[in-house]
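Student: I am new to this structure. Could you take me on a close look at one part, the aromatic rings and the core around them?

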Amino acid sequence: MAGIDPKQQAILEAAWAAFSTYGFRKTSMDDIAKGAGMSRPALYLHFKNKDAIFRALVAAYYGNAAAGVRAALAEPGPLPERLMAAFEGQAGEAVEMMMASPHGMELFEVTKNVAGEEIGAGEAALSGIYADWLQQQAVAGNAVLRGDAAEVAQTICASLKGIKQTAADYTAYQAGLRQLAALFGAGLTPR
């Protein structure tokens with residue numbers, strides 16, 4: 001959540017702590033304000049409501065995810081290792097924290113219902129990062145694309161979402177990421 005106003009960052013951190021502890025529905029603006037060390041009226045100067053705070057959290061997640069993916073893909077190494085690092089960079093600690101929360105499933109549902117626009121923009125940005133990287137790797141002779149780079153990138157992103165939504169826990173999620181990185185990496189590596 002770097003690059004935002006310190007008060008807003010404190011609000012987002014307090015909101016995340018409250019949402020993961022109490023769930024979205026049971027968290028009040030008062031809970032968030034107390035966690036951020038401010039009054040409820042002061043909180044309303046920064047965010048209109050709980051939904052707006054949640055949308056800001058989702059936007060911050062995607063900003064961090066994009067930075068993590070870019071950094072990982074820029075590193076040298078075999079394609080499977082770079083992809084695994086990118087997948088881990090995309091997940092960040094947010095996915096682990098959400099999966100560890102007793103309210104994780106509720107938070108996943110709220111994310112879809114409250115922050116659809118932020119999800120769409122974030123997923124498009126991530127897909128674009130993967131597509132650009134895939135195209136660069138193909139041009140450099142480091143990868144063989146079986147299809148358009150944008151289509152392959154969309155398939156990667158859809159696969160990542162599927163793993164996140166079906167994993168029983170964070171350990172299973174990580175195992176799915178490793179398998180996906182190995183499969184895509186092997187499929188992209190020139191023979």
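Tutor: Let us start with a charge and a ring: Lys 50 lies over the face of Phe 24, at 4.6 Å from the ring centre. A charge counts as sitting over a ring if NZ of Lys or CZ of Arg is within 6 Å of the ring centre and within 35 degrees of the ring normal. Before going on, please note that this is a predicted model, where local features need pLDDT of at least 70, side-chain atom pairs count only at pLDDT 80 or more, and totals for chains, interfaces and linings use all residues. Residues are numbered from 1 along each chain as its sequence is written, and side-chain values use heavy atoms, with hydrogens and water left out.

Phe 24 also belongs to an aromatic cluster, together with Phe 19 and Phe 54. The count of aromatic pairs comes to 6 (rings of Phe, Tyr and Trp, the last by its six-membered ring, pair if their centres lie within 6.5 Å; planes under 30 degrees apart are stacked, over 60 edge-to-face, and the rest tilted). One of these pairs joins Tyr 170 and Tyr 173, which are tilted, with 5.7 Å centre to centre and 35 degrees between the planes. Tyr 170 and Tyr 173 both sit in helix H9 (residues 170-188), 3 residues apart, or about one turn of the helix. Helices here are DSSP runs of H or I with at least four residues, numbered from the N terminus. Both tyrosines, Tyr 170 and Tyr 173, are buried, meaning under 20% relative accessible area with a 1.4 Å probe and protein chains only.

Now follow Phe 19 and Tyr 173 into the largest nonpolar core, which has 64 residues; the two are among those with the most contacts inside it, along with Ile 32, Ile 53, Phe 87 and Tyr 130. Such a core is a set of buried Ala, Val, Leu, Ile, Met, Phe, Trp, Tyr and Cys residues joined through side-chain atoms within 4.5 Å. Helix H1 (6-22), helix H2 (29-36), helix H4 (50-74) and H9 are among the elements that give two or more residues to this core. H4 gives the most, with 12 residues.

Key:
Buried < 20%, exposed > 50% of the residue type's maximum accessible area, 1.4 Å probe, protein only.
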